[in-house]
Amino acid sequence: MAKLEILCLPRDEAALRQKSLPVTSITPDIKALMGDLLETLRTSERPGVGLAAPQIGKNVRMIVLESEGWKNDKEELVGVIPLKILLNPEVIKVSEEKDERFEGCLSVPAYNGYVTRPKKIKVTALDENGNEILIKASGFLARVLQHEIDHLDGILFIDHIKNKKKLLNALEETNGHEAE
Ligand code: ZN
């Protein structure tokens, strides 16, 4: 496993905007990429809960998710996601019900913002051994899955924020500077 550089806006916009290609078989290269992606997520300076292969410059439809969670104001552990390595993940169903939550991205260091997404989804994928799986997700997991799967099509969370004023406000909060 190796830690690789995470591509970031604005420098790596062209690479991050590419559409990634499906995994056709679990080759040694694909296995090595799983390790690199996981290592890069786990050792990132900014804490992250998911990473997609195009974020480390590999246009392959692979994502990793992992979160140890955190305590909410009631001292309850929330936001826990056991390690998931998914190949060719695809959202096959979304709920009409949506919610708006705060998001950030390891590839978009300057911005955070509130993104509206479907609350519940169904995702098909292959696991790290190439077995077909179906994931029914809601809440935090549904959000992280949608964010990471978007990366495979060159879509970033900032694209979902129609009201760019919200994005600017997030920048002010993050950096303490006035934005024009
Ligand atoms: Zn991201």
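Tutor: Helices (H or I, at least four residues) and strands (E, at least two) are DSSP runs, numbered from the N terminus. By that rule, the protein chain has four helices and seven strands. Residues are numbered from 1 along each chain as its sequence is written. Please keep in mind that this is a predicted model, where local features need pLDDT of at least 70 and side-chain atom pairs count only at pLDDT 80 or more, while totals for chains, interfaces and linings use all residues.

Student: How do you know that the radius of gyration agrees with a compact globule?

Tutor: The radius is taken over C-alpha atoms, and the globule rule is 2.2 Å times the number of residues to the power 0.38. For 180 residues the rule gives a value near 16 Å, and the protein chain has 16 Å, so the two agree. Along the principal axes, the C-alpha atoms fill a box of roughly 50 × 35 × 30 Å.

Student: Why is Val 64 called buried?

Tutor: A residue is buried if 20 or more other C-beta atoms lie within 10 Å of its own, exposed if 12 or fewer, and partly exposed in between, with C-beta atoms placed from the backbone. Val 64 has 26 C-beta neighbours inside 10 Å, so Val 64 counts as buried. Val 64 belongs to strand 2. Across the protein chain, buried residues make up 31% of the 180.

Student: What does Val 64 touch, leaving out residues up to four places away in sequence?

Tutor: Contact means that two C-beta atoms, placed from the backbone, lie within 7 Å. Val 64 touches several residues in this way, among them Leu 37, Leu 41, Leu 51 and Ile 85.

Student: What makes up the largest nonpolar core?

Tutor: A nonpolar core is a set of buried Ala, Val, Leu, Ile, Met, Phe, Trp, Tyr and Cys residues joined through C-beta atoms within 7 Å. The largest has 32 residues, and Leu 37, Ala 53, Met 62, Ile 63, Val 64 and Leu 145 touch the most other members. Helix 3 gives the most to this core, with six residues.

Student: How do you know that helix 3 is mostly covered?

Tutor: Twelve of its 14 residues are buried, including Leu 141, Leu 145 and Leu 152. Helix 3 covers residues 139–152 and reaches 21 Å from its first C-alpha to its last. Just after helix 3, Gly 154 takes a positive phi of about 75°.

Student: Which strands pair in the open sheet, and in what order?

Tutor: Two strands pair if DSSP finds at least two bridges between them. Five strands form the open sheet in the order 1-2-3-6-7, with antiparallel pairing.

Student: Why do strand 1 and strand 7 stand at the edges?

Tutor: Each has a single partner strand, so one side of each is left without a neighbour in the sheet. Seven bridges join strand 7 to strand 6, and Ile 121 stands opposite Ala 137 in strand 7. Leu 145 touches both Ile 121 and Ala 137.

Student: Where does helix 3 lie?

Tutor: Helix 3 lies across strand 1, strand 2, strand 3, strand 6 and strand 7, at about 45° to strand 3. Such angles run from 0 to 180 degrees between N-to-C directions, with axes fitted to C-alpha atoms, for helices over the stretch in contact. Helix 2 lies across strand 1, strand 2 and strand 3, at about 30° to strand 2.

Notes:
Expected span 1.5 Å × (residues − 1).
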